[in-house]
Amino acid sequence: MSLLLMSWYFVCFVTIILLLIALRSCRKPKNYPPGPKWIPFVGNTYQLAKLSSNKDGQYLAFEELRQKYNSDIIGLKLGREYVVIVFGNDLLSETFHRDEFQGRPDNFFMRLRTMGKRRGITMTDGDFWKVHRSFAVRHLKLLGLGQRRVDELIYDEYQLMIQRLIDTMESVTPTLYLQSAVMNVLWELTAGTKFDDPKLLTLMRKRSSAFDMAGGLLNQMPWIRYLAPIRTGYSLITDINQQLYSLISNNIAEHKRTITDSTRDFIDAYLHQMKKEEINNTTFTEEQLIAVCLDLFIAGSSTTSGTLDFAILAMARWPDVQAKIQSILDEIQPPGTYLTAEKNS
């Protein structure tokens with residue numbers, strides 16, 4: 001058999017295999033919710049991105065699909081991942097309360113920030129999650145979370161933020177101030193110091209805008225990072241991860257050097273627990289500590305500050321709601337009484 005003929009057979013064989021894979025990738029699972037047809041290998045990624053751009057928001061794109069298919073449950077495939085979108089209070093409540101929906105995503109994007117392993121609290125589940133969530137909540141409470149100490153930290157940050165706004169003397173978006181304030185409070189409990197790295201906070205904001213809630217193109221087609229590392233955000237998130245790991249690792253190293261029997265902050269509490277655990281049979285490791293600190297960092301730099309930012313913008317949009325909230329706050333804590341209570345305590 002000639003080399004040319006063998007090459008022809010090989011090309012035909014590869015082509016047939018690719019066609020079979022493409023056909024299989026377009027096949028929906030049995031009883032899958034209604035939704036748009038899938039494109040081989042990329043699924044609905046391109047369709048969703050285009051619709052989100054046309055509608056000026058991913059949530060509006062989802063609502064368009066909901067209306068188009070007349071269903072409160074929409075089935076998509078983003079890259080190689082199956083994604084189900086749920087609408088309506090009743091369905092959302094049922095979803096949140098059923099055990100089979102209590103797991104966390106386990107994909108490339110989620111593992112990228114934790115050294116390729118499932119670490120931390122936010123994106124883990126099962127017994128591992130229960131142990132570390134319980135430990136974090138218990139010790140953060142002991143350190144003052146939900147108590148007078150955190151009230152004082154919040155008040156100090158509030159005073160500083162107000163002074164900065166007064167010094168600016170112009171209309172501002174509160175995002176930067178809120179992000180810095182929330183991070184300072186959380187980092188005080190976690191590492192015993194205020195957080196002061198504007199460059200890293202700027203990178204975190206870029207991180208939030210570069211990826212959607214599902215991790216974006218980088219998560220849906222991880223292989224594309226080799227072709228377009230900048231466009232997919234891979235270079236950005238790698239840079240952020242390196243800086244965060246350096247920041248947290250340096251903090252842990254300093255805590256190890258100065259640690260005593262007392263507990264100054266969360267890192268101290270975790271290092272004490274590591275000493276108590278059996279070395280060969282423990283999930284309390286330095287890798288896990290870095291991941292938990294990273295969870296707290298991201299919660300402060302985006303989730304918590306973003307929620308507060310949205311609440312302030314909503315109150316600016318609806319002044320009547322703002323007035324009701326102010327009335328409730330004044331009833332709980334009458335104006336001027338905090339400093340008086342501080343002086344008397």
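**Notebook: salt bridges, cavity, pocket and surface patch**

I began with Arg 118, which counts as partly exposed because its relative accessibility is 23%. The model I am reading is a predicted one.

**Entry 1. Arg 118 and its partner**

I looked up the charged contacts of Arg 118 and found its side chain in a salt bridge with that of Asp 106, at 3.9 Å from N to O. The pair links distant parts of the chain: Arg 118 sits in the loop between helix 5 (108–112) and helix 6 (126–142), and Asp 106 in the loop between helix 4 (89–97) and helix 5, 12 residues apart. Asp 106 is partly exposed, with a relative accessible area of 41%.

**Entry 2. Glu 287 and Lys 117**

I next recorded a salt bridge between the side chains of Glu 287 and Lys 117, at 3.5 Å from N to O. Glu 287 belongs to helix 13 and Lys 117 to the loop between helix 5 and helix 6, so this pair ties together parts that are 170 residues apart in sequence. For Glu 287 I read a relative accessibility of 28%, which makes it partly exposed. Lys 117 is also partly exposed, with a relative accessible area of 36%. I checked one separation from Glu 287 as well: Thr 307 is 20 residues away in sequence and 29 Å away in space, C-alpha to C-alpha.

**Entry 3. Lys 194 and Glu 157**

A further salt bridge joins the side chains of Lys 194 and Glu 157, at 2.7 Å from N to O. Lys 194 lies in the loop between helix 8 and helix 9 (198–210) and Glu 157 in helix 7, so the pair ties together parts that are 37 residues apart in sequence. I asked of Glu 157: is it buried or exposed? Glu 157 is buried, since its relative accessible area is 5% and the cut-off for buried is under 20%. Lys 194, in contrast, is partly exposed at 48%. My search of the whole structure returned 15 salt bridges.

**Entry 4. Cavity and pocket**

I counted one cavity of 30 Å³ or more. The largest cavity holds about 40 Å³ of space. Its lining includes Asp 106, Arg 111, Lys 117 and Arg 118, residues already met in the entries above.

The second largest pocket holds about 1500 Å³. I listed 36 lining residues, of which Ile 154, Tyr 155, Tyr 158, Met 161 and Leu 329 lie nearest its centre. Helix 7 (148–168), helix 8 (175–191), helix 13 (286–317), helix 14 (319–332) and helix 15 (337–344) each give two or more residues to this lining. Helix 7 supplies the largest share, 10 residues.

**Entry 5. Patch, hairpin and overall figures**

I noted a nonpolar surface patch of about 1100 Å², with Phe 10, Val 14, Leu 18 and Phe 41 among its residues. Val 14 is placed in helix 1 (residues 3–25) and counts as partly exposed at 32% relative accessibility.

Strand 1 (residues 73–78) and strand 2 (residues 81–86) run antiparallel and are joined by six bridges. Lys 77 stands opposite Tyr 82 in strand 2. Two residues lie between the strands of this hairpin, where Gly 79 takes a positive phi near 65°.

Of its 345 residues, 35% count as buried. The C-alpha atoms fill a box of roughly 95 × 55 × 40 Å along the principal axes.

Conventions
Residues numbered from 1 in each chain as written. Predicted model: local features only at pLDDT ≥ 70, side-chain atom pairs only at ≥ 80, totals over all residues. Heavy atoms only, no water. Patch = residues over 30% accessible without salt bridge, like charges linked within 9 Å, V, L, I, M, F, W, Y side chains within 5 Å. Areas by Shrake-Rupley, 256 points an atom, 1.4 Å probe, with all protein chains shown as cover. Salt bridge = Lys/Arg side-chain N within 4 Å of Asp/Glu carboxyl O. Helix = DSSP H or I, 4+ residues; strand = E, 2+ residues; numbered from the N terminus. Buried < 20%, exposed > 50% of the residue type's maximum accessible area, 1.4 Å probe, protein only. Pairing = 2+ DSSP bridges. 1 Å grid on protein atoms, 1.4 Å probe; cavity = no way out; pocket = protein on both sides within 12 Å on 5 of 7 lines; lining within 4 Å. Points joined across faces, edges and corners; volume = space filled by probe spheres on them.
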